[in-house]
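Trainee: I have a protein model to look at, and I would like to learn how to read it. Can you take me through it feature by feature?

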Amino acid sequence: MNSQTLKKQLFFLWAMLLICQTATFAADRQVVAMAQKVIYVGKPFVYLVAIEGDRSGVEGINIDSLEGFNPRGAGEESRNINGRKTFRINIQLTTNKLGKATIPPVTVKIDGKVYTTNSIAIDVIKPGDQFAFDVSYSDSKCYVGQPVIMTVKWICHDDFSSPSLDIPALQEDGKFIYEEPQATPGSDSKMAKIGNRKITYHVYDGKYKDKKASILEFSKILIPQKPGKISLGAATASCQESSAGPFGGFSQGRTYTKKSPAKTLTVIPLPTENQPADFNGLIGRYSIRTTAEPKACNVGTPITLKMIITGPLLKTVTMPDLDFMANDFKIPDEYASPEITNRQVVYTQTVRAKRSSEEGLTEIPPISLSYFDVDSGQYVTRYSQPIPIKIEATRVVTAAEGQGVIAATRQGSELEKTRRGMAANVEGPKLLAHQAFTLSTVLVGPLGVALWAAPAGLFMISLLWRIISHTNPQRQKAQRKARACSRALARLKKINDPHSDDARQQIADVLRQYIGDRFDKNSPSLTPMDCQAILIENNCSQELTEQFCQMLQHCEESLFAGGGGGAGQLDSTQIIELMTKIEKT
């Protein structure tokens, strides 16, 4: 064997080894099994085997190990998420055993090589144990006009999304007046809508069934307007189990629903007997106290009278009638708007005494407040304590003093009538000296300095203002918010072919960028569910919120699925109209 032949054989052997090694590396594909972590006993659930890459090379799957979970069917689907292809095999499983369990691994044969998936730990529970939901009312029987506090508490595990509430008691227009309860100082609250009713809710961390959970809680005041029985209906809470896929993307599982028991509120009319003349509809327990400053002054001096009222519902409190004080005090028709702080409402009025203490005015009399006490079933009138005051008589001013007739003090000599004019009456050093006009005198004088310094000063002020405005975070945030819609519309108009693959990505980016600019969020990381939460938190209607999130979801799904669907079916005019409506909310 000569050296030339040996070289050829070695080269051939090296090439074969390289090809085998490449084939071995090409065959290494990631295979992962997925399923929901919490399963309802007896309810079918999806067991998913995700294979990195496309359908090619997949020869079959062995599911003999799943016999204890009654496997049924085996659907297939291919996905393309951000350019990363995934082939998926879906199998329906069911279990009838409660408690902790483990789904064993299965094997998949790809290009002649056998891959083994991971095992999955699950928790099998009874239906209804997934989250807690309760709607309670402070009273089941009340009077017309009596505030009834509805409290909603929802405890849900953190791996759930798309929460939804339906509370019939919040949709009874004509039967109730709805009010927000007094906010607790320092509490962190958020705004949302249930139907067309705004609520203020709080979310805090907790646990449910030994698992991390979020607790949502809010209250609403219901004030019945008519006697009779009012059906409050059964409130419903629902949410979806959600999880992130191993190759990107987001998947939603089954929807869980829970109802609170339907309840009835019995409303009885207020008694008409022994109703005080000053009763103005207050129901509950109230108190009143007063302050006055100054307590010592003259007749006609303004006295600031404050009436502080505490009770369960302060928005329905009106200012007490002060007409009974009109004989002793001058009371204007106007009064300051009430201040509601620290669970009390404060009315302020300015009064002026008409006579002195020597004439018998020695106190600000007690002021009454009448309400209906639901505990005793009777009308009650409370009074503030009288305030002692000392009023002095006002000094009488003579006509001469009022006209300011006072002897004038002479200063200098009297003016004399002379033909030489006014200058003849100015003495010695008060005469003006002759001053010649020069340009330098004008430039350094007050008028000259103002003429040349004003433009320079205006320029420096303008420059300083531009520097401050461009470096002020609050102003930058405001500018970003103000330009959010115009920027989004400009980018949409630049999309030439809305049916192209690139258009789907552009439209999705525009929608996310709009939410990020409008509400000061990090736009690249926003998902449709993030946008839904942001819009609801900022009081956007449910209809507009759903339209916006559906558009964004439509774009993303078309990107992941490939093909010509998705954004090509979206009309730019619809997107523009939707953004314009959101701007008006």
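Trainee: Is Cys540 buried or exposed?

Mentor: This is a predicted model, so every value is computed from it. The cut-off for buried is under 20% relative accessible area. Cys540 has 3% relative accessibility, so Cys540 counts as buried.

Trainee: How many disulfides does the structure have?

Mentor: Check the distance between cysteine sulfurs; a disulfide needs them within 2.5 Å. A search of the whole structure finds zero disulfides. Take Cys540: the nearest cysteine sulfur belongs to Cys549 and is 8.9 Å away.

Trainee: Which cysteine sulfur is closest to that of Cys549?

Mentor: That of Cys531, at 5.9 Å, which is too far for a bond. Cys549 is buried too, with a relative accessible area of 10%.

Trainee: How do I describe a pair of aromatic rings?

Mentor: Start with Phe372 and Tyr379. Their ring centres are 5.0 Å apart and their planes stand at 70 degrees, so this pair is edge-to-face. Phe372 and Tyr379 are both buried.

Trainee: What about the rings of Tyr514 and Phe548?

Mentor: Their centres are 6.4 Å apart, and their planes are at 45 degrees, so that pair is tilted. It links distant parts of the chain. Tyr514 sits in helix α7 and Phe548 in helix α9, 34 residues apart. Both Tyr514 and Phe548 are buried.

Trainee: Which residues do ring pairs link into a cluster?

Mentor: Tyr143, Phe279, Phe372 and Tyr379.

Trainee: How do I read the sides of a helix?

Mentor: An α-helix has 3.6 residues a turn, so residues three or four places apart point the same way. Now try helix α6, residues 484-493. Its buried residues are Ala484, Cys485, Ala488, Leu489 and Leu492. They cover an arc of only 120 degrees around the axis, which puts them on the same side of α6.

Trainee: Where does Asp517 lie?

Mentor: In helix α7, residues 501-519. Asp517 has 3% relative accessibility, so Asp517 counts as buried. Next, look for its partners. The side chains of Asp517 and Arg480 are joined by a polar contact of 2.7 Å. Leaving out residues up to four places away in sequence, Asp517 touches Arg480, Lys481, Ala484 and Arg487. Ala484 is also one of the buried residues of α6.

Trainee: How many residues are in the largest nonpolar core?

Mentor: That core has 35 residues. Among those with the most contacts inside it are Phe131, Trp154 and Phe218. Strand β13, residues 148-157, gives the largest share, five residues. A second, separate core has 31 residues, including Ile221, Leu282, Phe329 and Ile364.

Trainee: What is Phe131 in contact with?

Mentor: Set aside neighbours within four places in sequence. Then the list includes Trp154, Ile155, Cys156, Tyr208 and Tyr256.

Trainee: Where is Val49 found?

Mentor: In strand β3, residues 45-52. Val49 is at 0% relative accessibility, so Val49 counts as buried. Now compare sequence with space. Val49 and Ile91 are 42 residues apart in sequence, yet 8.3 Å apart in space, C-alpha to C-alpha. Val49 also touches residues beyond four places away in sequence, among them Val31, Ile61, Phe87, Val106 and Thr117.

Terms used
Residues numbered from 1 in each chain as written. Predicted model: local features only at pLDDT ≥ 70, side-chain atom pairs only at ≥ 80, totals over all residues. Heavy atoms only, no water. Core = buried A, V, L, I, M, F, W, Y, C linked by side-chain atoms within 4.5 Å. Buried < 20%, exposed > 50% of the residue type's maximum accessible area, 1.4 Å probe, protein only. Helix = DSSP H or I, 4+ residues; strand = E, 2+ residues; numbered from the N terminus. Contact = heavy atoms within 4.5 Å. Arc of directions from axis to C-beta. Polar contact = N/O pair within 3.5 Å; in protein donor to acceptor, adjacent residues only side chain to side chain. Phe/Tyr/Trp six-rings, centres within 6.5 Å; stacked < 30°, edge-to-face > 60°.
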